[in-house]
Amino acid sequence: MSDNPHLLPEVKKHYGRITNFVNNEFVESDAERHLDVTNPATNETIAQVPLATAEEVDRVVQAAAEAFEEWRETPPHYRTQPFYRLKVLMEKNYEEIARVLVQEHGKVIDEARGSVRRAIDNIEFACSIPSLMMGETLEDGAAAGIDEEVIRQPVGVFACVAPFNFPAMVPFWFWPAAVACGNTYVVKPSEQVPITQNYIFRLIQEAGFPDGVVNMVNGDKETVTALLTHPLIRGISFVGSTPVGRIIYDTGSTHHKRVQCQAGAKNYVTVMPDANLDACLPNMISSFFGNTGQRCLAGANLVLVGDGANRMVERFVEAARRIRMGYGLDETVQMGPVISHRSRQRILGFIEQGLAQGGKLLLDGRNPKVEGYAEGAFVGPTIFDQVTPDMPIVKEEIFGPVVTILRVKSLAEAIDLVNGSPYGNASSIYTTSGKAARQYRYRVNAGNIGVNLGIAAPMAFFPFGGQKDSFFGDLHGQAKDGINFCTDRKVVITRWV
Ligand code: NAD
């Protein structure tokens, strides 16, 4: 493998098996099961990931539990110091992290850079914990001379289970806030893309968190089940598909843990006849085809309101046709492969089904020619017209660059269509009417709403929304929600006599 000319030095460093990270050391896994990690653009194996057993999970969790008492007694403004160092290290290695990420995931380099930036944003947020974690006091709150206060305390060991589509960013939605609050942590990266976190953990090691405070275990569902049922894990943050989210929510809560599950999506983008297409078309294209459609915030169904909006179809198809596909490390490439050949086959299955049910392809991405990458898992931009809301290509999450076009007569009809979906992750409206935009944000049942932008991605200081089958739990990831999730609010009532 090490003679492979496509591999850059950053990934070569990780040849062989990916390790776990416990007590500030990289530890060889003793797992018997392993998976190959593949570069989806070239179809070459670039690493092997161990699938940790329950015994290994137990060792990692025990280490985190042992570290908890001392870490929670470390004053918050000391706890933030390794985060400042980690921020500097992430900035210094920013480009290299993005390049590693492209090689295991396939997204284009600029999108990889953007996602590393979002990870760093969450470190910066965690640096404000001394202010964010403060409690509240009310003198004479209970009665004259009796004061009442709420103090916030960390809870114990938390873990996150991450999806494949944002290998650097997603764990950072959770662990920096939890650890800065005084909890200790176990990260479980996606087994499809473990190299990026392995790389980042080298920086976490250098940042100098005390032993056992931030740990990593690699694996699949067996590993996750061991985390979900471990008595010392107090809370689980999950990001992934809806069917798995349900399992995580049910199993985690049955085992008396706090659980937050950010799950799957099927997002509607509504275009009003008055939308400013010149200003909005590039942004729409990025919503539907960015990250090769593998974003939980990606547009999937394009809803055109009234006859006027039809004028955009031709332009939308033309813009999609011009998207340049290829290897994500090439700066001129606009769309990479999907994550794997297995995923490609699943997406092609949806397209065949859509055709069999009477859908018409305005753009067919089934056999894209990508020069130099014949073995890659590529699916080109695909646009369906003449579909109905009950077809699986409209209702189900495809997680690829496949768009359906739906036509309605009015905004009210569009909102009913959007709200008919079992999912509620994100939805966007393109319009120049403030009244229409307000109606949309008021009535649409989705957790992240975009007005004249197609990827409503909340910054680190806002919670990441999600409703219906796109989210199980009550407190979301990031921001104050994240802090509430991983702390207890204790009430103290004091009378001095
Ligand atoms: P996935 O559900 O297949 O896997 C996610 C994680 O769950 C992985 O770490 C995997 O090891 C683990 N897992 C898989 N099966 C399991 C099981 N039976 N029991 C326990 N753990 C199991 O998701 P994916 O394909 O990696 O990621 C894509 C999905 O993630 C899409 O549905 C996408 O919409 C969703 N997603 C949601 C958000 C959000 O914020 N709502 C963000 C990103 C991605």
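Tutor: We start with a pair of helices and then turn to a pocket and some cavities. This is a predicted model, where local features need pLDDT of at least 70, side-chain atom pairs count only at pLDDT 80 or more, and totals for chains, interfaces and linings use all residues. Residues are numbered from 1 along each chain as its sequence is written, and side-chain values use heavy atoms, with hydrogens and water left out.

Student: Why are α4 and α6 called roughly antiparallel?

Tutor: Helices are DSSP runs (H or I, at least four residues), numbered from the N terminus. The axes of α4 (residues 81-92) and α6 (residues 109-126) cross at roughly 160° and come within 9 Å. Axes are lines fitted to C-alpha atoms over the stretch in contact, and angles run from 0 to 180 degrees between N-to-C directions. Angles over 145 degrees count as roughly antiparallel. So α4 and α6 are roughly antiparallel.

Student: Which residues of α4 and α6 make the contact?

Tutor: Contact means heavy atoms within 4.5 Å. From α4 come Phe-83, Leu-86, Lys-87, Met-90 and Glu-91. From α6, Arg-117, Ala-119, Ile-120, Ile-123, Glu-124 and Ala-126 take part. By class, that contact has seven nonpolar, no polar and four charged residues.

Student: What makes a residue nonpolar, charged or polar?

Tutor: Ala, Val, Leu, Ile, Met, Phe, Trp, Tyr, Cys and Pro count as nonpolar; Asp, Glu, Lys and Arg as charged; the others, Gly among them, as polar.

Student: What makes a space a pocket or a cavity?

Tutor: Both are found on a 1 Å grid over the protein atoms alone. In a cavity, a 1.4 Å probe fits but cannot get out. A pocket is an open set of points with protein on both sides within 12 Å along at least five of seven lines. Lining residues have an atom within 4 Å of a point.

Student: Which helix gives the most to the lining of the second largest pocket?

Tutor: Helix α12 (residues 277-289), with five residues. The pocket holds about 300 Å³ of space, the volume being the space filled by probe spheres set on the points. Its lining includes Leu-281, Ile-285 and Phe-289.

Student: How many cavities of 30 Å³ or more are there?

Tutor: Three. The largest has about 110 Å³ of space, and Gly-293 and Phe-399 are among the lining residues nearest its centre.

Terms used
Helices (H or I, at least four residues) and strands (E, at least two) are DSSP runs, numbered from the N terminus. Angles under 35 degrees count as roughly parallel, over 145 as roughly antiparallel, 65 to 115 as roughly perpendicular and the rest as oblique.
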